[in-house]
Amino acid sequence: MGTGAIIGIVIGGVILLLIILFIACYNGLVRKRAAVEEGFSTMDVYMKKRFDLIPNLVETVKGYAKHEQQTLDNIIKARGSNYAAMTPEQKIASGQQISAMLPNIMALAENYPELKANQNFMQLSAELSQVENDIANARKYYNGCVKTYNIACQTFPSGMIAGMFGFQKATMYEIENTAERENVKVSFD
């Protein structure tokens, strides 16, 4: 075997290795993007459940706290009207607003002992507490997937492939101000 043949085999091997690396990076980005989409879908199910729970909770509170109408109107306004028509970004924004306002509704119960003792309110509060926990867990999973995906989109060599094929950085689900970072307390013991 001559020197030219050896050089040809080496060049062919290097090209084959680069092709394998390219395919592995591309497939890794696709898997990570799919995990982000799955994480959002999981979180979306819980946010939709909370979205649907809000009107029942507000109606229950209205019966006892008629002069707290502004608080109730604000949470309905933050809820919006058609969850299915919202973009993922709008769903996240609506979820953030609702998370910020829920403590206000729960605080109303402290001022109205009859409401606090109402069976329907207690059941809705327990459901809301569970949904809030589910959203928090789903948000952790989603943000973990987004972190992994974004790192892959920004590091070498997968970042180059991400740029060539239009893989865009995903958005984390973050709570923006410190009041929203506090847990929603729904315990009425």
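Which residues does S158 touch, not counting residues up to four places away in sequence? In this predicted model, S158 touches C25, L29 and A152, where contact means heavy atoms within 4.5 Å. The model is predicted, and local features need pLDDT of at least 70, side-chain atom pairs count only at pLDDT 80 or more, and totals for chains, interfaces and linings use all residues. Residues are numbered from 1 along each chain as its sequence is written, and side-chain values use heavy atoms, with hydrogens and water left out.

S158 lies in helix α6; helices are DSSP runs of H or I with at least four residues, numbered from the N terminus. With a relative accessibility of 10%, S158 counts as buried. Buried means under 20% relative accessible area, computed with a 1.4 Å probe and protein chains only. The loop between α5 and α6 holds P157, and a cis peptide bond, with omega about 0 degrees, joins F156 and P157. Most peptide bonds are trans.

Two packed helices are described by the angle between their axes and the distance between the axes. Helix α1 (residues 3-62) packs with helix α6 (residues 158-165) at an angle of about 70 degrees, and their axes are 9 Å apart. The axes are lines fitted to C-alpha atoms over the stretch in contact, and angles run from 0 to 180 degrees between N-to-C directions. The angle makes α1 roughly perpendicular to α6, a term that covers 65 to 115 degrees. The crossing of α1 past α6 is right-handed, meaning that the near helix is turned clockwise from the far one by less than a right angle. On the α1 side the contact is made by F22, C25, Y26 and L29, and on the α6 side by S158, I161, A162, M164 and F165. By class, this contact has eight nonpolar residues, one polar residue and no charged residues. Ala, Val, Leu, Ile, Met, Phe, Trp, Tyr, Cys and Pro count as nonpolar, Asp, Glu, Lys and Arg as charged, and the others, Gly among them, as polar.

The largest nonpolar core has 44 residues, of which V61, I105 and Y142 touch the most other members. Such a core is a set of buried Ala, Val, Leu, Ile, Met, Phe, Trp, Tyr and Cys residues joined through side-chain atoms within 4.5 Å. Two or more residues of this core come from each of α1, α2 (69-79), α3 (88-111), α5 (119-154) and α6. Leaving out residues up to four places away in sequence, V61 touches L72, I105, L108, L115 and F121. F121 is found in helix α5 and is buried, with a relative accessible area of 0%.

Notes:
Angles under 35 degrees count as roughly parallel, over 145 as roughly antiparallel, 65 to 115 as roughly perpendicular and the rest as oblique. Buried means under 20% relative accessible area, exposed over 50%, partly exposed in between (1.4 Å probe, protein chains only).
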